[in-house]
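Me: I would like to learn how to read packing and side-chain pairs in a model. Please take the features one at a time.

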Amino acid sequence: MPTPIQHDRSVLLAHFESFRTEIDDYNDRRERLIKASRDITNLSKKVIFLLHRIALENDDTSYARAAKRGFAKLCEVQNIYAGLSHELAGDRYWRYQRQVSPGLQEYIEALSFAHYLQHGTLISFQTVQRSLSSPDGVPYFSLTVSDYLLGLSDLTGELMRFAISGLSSHKGGRAKATQVCAFVRACKADFEHYTPFVPDLRKKQAITSQSLEKIEDAAYTIVVRSSEYDLPPEILDDIVAQSISRFSDRSQKHARGFEDGLGEDDAQEGPC
């Protein structure tokens, strides 16, 4: 018959066994989510490259075709999230949010870019949440406003590349660049209201400002030079390239000044 001390020792060991099982389960799930987030990031980046490539084809249907192909490829990402729904059930999403966020923001960036090409508008929070839900409408997890806004903030950089590239390679690219310029300006103004509440949004707003300035430089150069001279398209393209080159030098100096002006707490902040 075990003594009281032996009994207490057995109870204590049983508790530590359960603790070890719980910690191992946490670490295993965390590693699976990190790997899945990397896969989602890679797939989303490939979709963004695909959208750029097809959208810049010089015909009237390129935007619609790009969006259609993009939505189809993003189904692969949605299937990954469907497979992760049991890993993020209940309050687990909040426990593992730091592991899930990077891939989720990249997915939102790709999804919102495809949506913009198709509709010319900003994708809504409800539409993103529906894309992360089962056919019955049950969400795989609750999308946070911060991930939604941070993903949309990354979209402005892709729109800058889309507008600049389309100036010379796409029919109607100059008019589209002007539209994108107004759209990015409106996004920046609207996102500014949320910077006190979303910690990483302030840094992304600084990058959005650089993207906006780059689009404005290119678009305004086209408008001004076109009104001054009757220039052929190839000369206008050279003028735009020179304008972008000058902006790149200024933006690098601005970025260095922004980093130098960060406080100690800001400098210690890093990606999730």
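The dialogue below goes through core, salt bridges, surface patch and aromatic pairs.

Reply: This is a predicted model, in which local features need pLDDT of at least 70 and side-chain atom pairs count only at pLDDT 80 or more, while totals for chains, interfaces and linings use all residues. Residues are numbered from 1 along each chain as its sequence is written, and side-chain values use heavy atoms, with hydrogens and water left out.

Me: Which residues touch the most other members of the largest nonpolar core?

Reply: A nonpolar core is a set of buried Ala, Val, Leu, Ile, Met, Phe, Trp, Tyr and Cys residues joined through side-chain atoms within 4.5 Å. Buried means under 20% relative accessible area, exposed over 50%, and partly exposed in between (1.4 Å probe, protein chains only). Here the largest core has 59 residues, and Tyr81, Leu104, Tyr107, Leu117, Leu159 and Phe162 touch the most other members. At least two residues each come from helix 1 (4-55), helix 2 (62-84), helix 4 (97-119), helix 6 (145-169), helix 7 (173-191) and helix 8 (201-228). Helix 6 gives the largest share, 11 residues. Helices are DSSP runs (H or I, at least four residues), numbered from the N terminus.

Me: What does Leu104 touch?

Reply: Contact means heavy atoms within 4.5 Å. Not counting residues up to four places away in sequence, Leu104 touches Tyr81, Tyr93, Leu132, Phe141, Leu143 and Asp147.

Me: How many salt bridges does a search of the whole structure find?

Reply: A salt bridge is a side-chain nitrogen of Lys or Arg within 4 Å of a carboxyl oxygen of Asp or Glu. The search finds 11. In one of them, the closest N and O atoms of Arg32 and Glu87 are 2.7 Å apart. Arg32 lies in helix 1 and Glu87 in the loop between helix 2 and helix 3 (92-95), so the pair ties together parts 55 residues apart in sequence. Arg32 is partly exposed at 39% relative accessible area, whereas Glu87 is buried at 6%.

Me: Where do Lys204 and Asp154 lie?

Reply: Lys204 forms a salt bridge with Asp154, with the closest N and O atoms 2.9 Å apart. Lys204 is in helix 8 and Asp154 in helix 6, so this pair ties together parts 50 residues apart in sequence. Lys204 is buried at 17% relative accessible area; Asp154 is partly exposed at 23%. Salt bridges that share partners also join Asp25, Arg29, Arg32 and Glu87 into one network.

Me: How is a pair of aromatic rings described?

Reply: The description uses the distance of the centres and the angle of the planes. Rings of Phe, Tyr and Trp (its six-membered ring) pair if their centres lie within 6.5 Å; planes under 30 degrees apart count as stacked, over 60 as edge-to-face and the rest as tilted. The whole structure has nine aromatic pairs. Phe113 and Phe162 are edge-to-face, 6.0 Å centre to centre with 70° between the planes. Phe113 lies in helix 4 and Phe162 in helix 6, so the pair ties together parts 49 residues apart in sequence. Phe113 is buried at 0% relative accessible area, and Phe162 is buried at 2%.

Me: Which residues make the nonpolar surface patch?

Reply: Patches are made of residues with over 30% relative accessible area and no salt bridge: like charges are joined within 9 Å, nonpolar side chains (Val, Leu, Ile, Met, Phe, Trp, Tyr) within 5 Å. Accessible areas come from the Shrake-Rupley method with a 1.4 Å probe, and for residues only the protein chains shown count as cover. Leu12, Phe16, Phe19 and Ile23 make a nonpolar patch of about 420 Å². Phe16 is in helix 1 and is exposed at 52% relative accessibility.
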